[in-house]
Amino acid sequence: MKEKSIKTLKFVGLGFLEPLIRLINKEEPRKNATLFFKKALLPALSICTFLFIWYAGSSALYISEATDRIEKARTEQGDTAAEEMRACIVSGDISCQPNTLPSPSQVLTSLKTLWKDHQEISEKKAAFKEKVASTNKQRKAQGLAPITYTGRPSFLDQIGTSLKTVAAGCLLAMLIAVPIGIIIGLSEPLRTAFNWLIQIFRPVSPVVWLLLVFMIVKTVITDPDLDKSFIISFISVGLCAMWATLINTSMGVSTVDKDFVNVGKVLKLNVGQNIFKIVLPASLPMIFTGLRITVSVAWMVLIAIELLAQSPGLGSFVWEEFQNGANDSNAKIIVAMFIIGIIGFLLDRIMLTVQNFMTFNKGAV
Amino acid sequence: MIKDMNRNLLRLILVLPIALFSCGGGGSASSEEAAEETNSTALLIEKPQLTFGFIKLTDMAPLAIAKELGYFEEEGLFVTIEAQSNWKNVLDRVIDGQLDGSHMLAGQPIAAGAGFGRQAELITPFSMDLNGNGITVSNEVWSKMKPNVPVDDSGKTIHPIKADALAPVISEYKNSGKPFKMGMVFPVSTHNYEIRYWLAAAGINPGFYTAENIQGQVDADVLLSVTPPPQMPATLEAGTIYGYCVGEPWNQQAVFKGIGVPVTTNYDIWQNNPEKVFVMTKKFVDQYPNTAKAVTKALIRAAKWLDTPGNRPEAVGILSMPEYVGADSVVIANSMTGTFEFEKGDKRSMPDFNVFYRYHATYPFYSDGIWFLTQMRRWGQIPESKPEEWYHETIKKIYRPDIWKEAADMLVAEGKIPAEDIPATDGYKPSTTSFIDSNPFDGKNAISYINSFDIGNKN
């Protein structure tokens, strides 16, 4: 039981909990206590330090901006205005609050606001659905598309859209990069022929990819009912992120162990068998390393792309809050930053798990 | 079939008040009584599910109100309202059909039909508001400009402030080798023409557009460049520009954050000038004529509600929701509730700063459109001379008071607006001199108006 749970934990990338489990089972208490301290407590301590520095930094910025405001009021309008400004800032009236880096507690409040907001929107959605139920029934009978919810998406909906975009983008990247990678990996001349293309397009910025995709999609897709912003953003994400997989696949395929290749020759396998029985299994670890990089790149470029393509995901959430410039906008942006970071981390863990699962040499990475 | 659809609509209208109630919508009481009256003139809606765009500015209010108070749904329309990142994007998305309609700058549909920028057949059946813009300069420029501004006995600056006070500051900057840069929101935006008008009225050349150079900076004393409205305060703070012309709440935001001082509003530059319009493509209007009419009806009602005394505070609450303008309600309230704050503490009454319905604000007057055409010609966006008739023919393709009239007639029949709210007009406002330089403008004589300016292309 114990060994099994440790194995599972390691497998999903939570190996740092291993000493704790051994400790609970009273196994080598000294050694495991030190290990637990190293692997779990130290990171926890560093998180606390980070929070403290953040807190201290944000209060320092707050005080500095508040003092600036008061001094400015003093030089421009005299002492009474300065006193008024001080009183106003102390009272917490939002009309004169410094608008700077939010503190951890403000960010937590915003997180709660966003959650509440999500619940309210869910209620509204349900009410809307009920309201249009009869209309939709009739529209369906007439063969028309049903009326869908017209309100704003909640923060969770936006996370959903972003995940969907990344998933579609990565799938596209995989479908393009793996086959091409195998083909150019198998042939040295092709690899040389395509190398310049890869080297030139790999470093191109996500924004430029987006504009390029925009130019093409705009012309190709004329049906106004299709969700163009989603199509544009997922294709751009895929194109930005596919390079790591492409390069790794071609590398993996071209460096397959000579012995395996010779075995294939001895068995007189045809091309298809050769690829699926020998080349692919042997290069899987490399392909998955590439895919893992692809997923993290996809998640990184997503925000910029969504922002420009007006796709209703986290990117547009961040941008809209920046544009709103309301008192709690900064805190909401930081919430989004953490959510983005945490989801990125989780995605990477998932990819690592899948990679471990798929490769023979477990735990190598 | 038609009977069936009508029954659907009727049922929908009956369901509405209940649904609104359950949403806890702010204006449920008023929409309830309205729904009871609606019966005879319900239109056959061809496309009930619509998406409209807007830019985060307070003058998008009619859209937010029509949605939040259920006016769209009473017309059988299910409308999603989406914030857009910039005006270019708005124009592209409307032309490409991703948006069914949008809040736009009055100049955008006109330029699209007059040969400047991307060309398309766009239609304006509804003018969204009058006034609502301001010109803000940075604190540094204001401190140099203030000594040139006349003051009254109590030491308060006398408005309107003309650009004459700014002229010495501009030469000072130029002499020290710094080009004087200001921001406006779009090449064909009202702001561009307003800030140019204001500067040129004081003999400052804001620069020309030519067929080869579409930056609009040929021979310029002041370099004007494009910045999206919500980014104006940040750009000013960063020192990239020394001033800007933009709509609300971004002038009040500058006062709030203490980064700049609004010096004049466009009410002083041209009294009751049209600002934003609602735009759909000609294709959409031809394909779905009833839908276009229903949208116009809902918007006219929203505008009326906005100008009904006592409703503005509620409107501010709606606009400050994050999906609409999203700025703090105190900031929005400053300009939406009849006051405007110039220097910090200098709050003045401006009852007509944001007009949505009074003075027939929603009616798309040809003469307003012609003013924009004359300014496009004046600054060279229309590079060649055009005959007088061209101005009238062009604007009649874009501005469509006929749709407005049909919608308003239906509202009168339904008892939602009084008959006197429909102006008796041929589409041209009478000649007026209510500009900052008192230069008379008559929409029927476009050519002579163009030739009347000292700075500007002539025909």
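Okay, let's start in chain B, where strand S6 (residues 180–184) and strand S8 (residues 243–247) pair in the parallel sense over two bridges. Strands here are DSSP E runs of at least two residues, helices are H or I runs of at least four, and both are numbered from the N terminus; two strands pair if DSSP finds at least two bridges between them. Within this pair, Met182(B) stands opposite Gly243(B) in S8(B).

Quick housekeeping: this is a predicted model, where local features need pLDDT of at least 70, side-chain atom pairs count only at pLDDT 80 or more, and totals for chains, interfaces and linings use all residues. Residues are numbered from 1 along each chain as its sequence is written, with chains lettered from A and ligands numbered from 1 in the order in which they are written.

Back to chain B. S6 and S8 sit in an open sheet of five strands with mixed pairing, in the order S7-S6-S8-S5-S9. Its edge strands are S7 (222–226) and S9 (260–265), each pairing on one side only.

Now, how do the two chains meet? The contact takes 27 residues from chain A and 32 from chain B, where contact means C-beta atoms, placed from the backbone, within 7 Å. On the chain B side, H1(B) gives the largest share, seven residues. Other elements giving two or more residues include strand S2 (78–83) and helix H11 (250–257) of chain B.

And that H11(B)? The helix also lies across S5 (133–138), S8 and S9 of chain B.

Key:
Contact = placed C-beta atoms within 7 Å. Axes fitted to C-alpha atoms, helices over the stretch in contact; angles between N-to-C directions.
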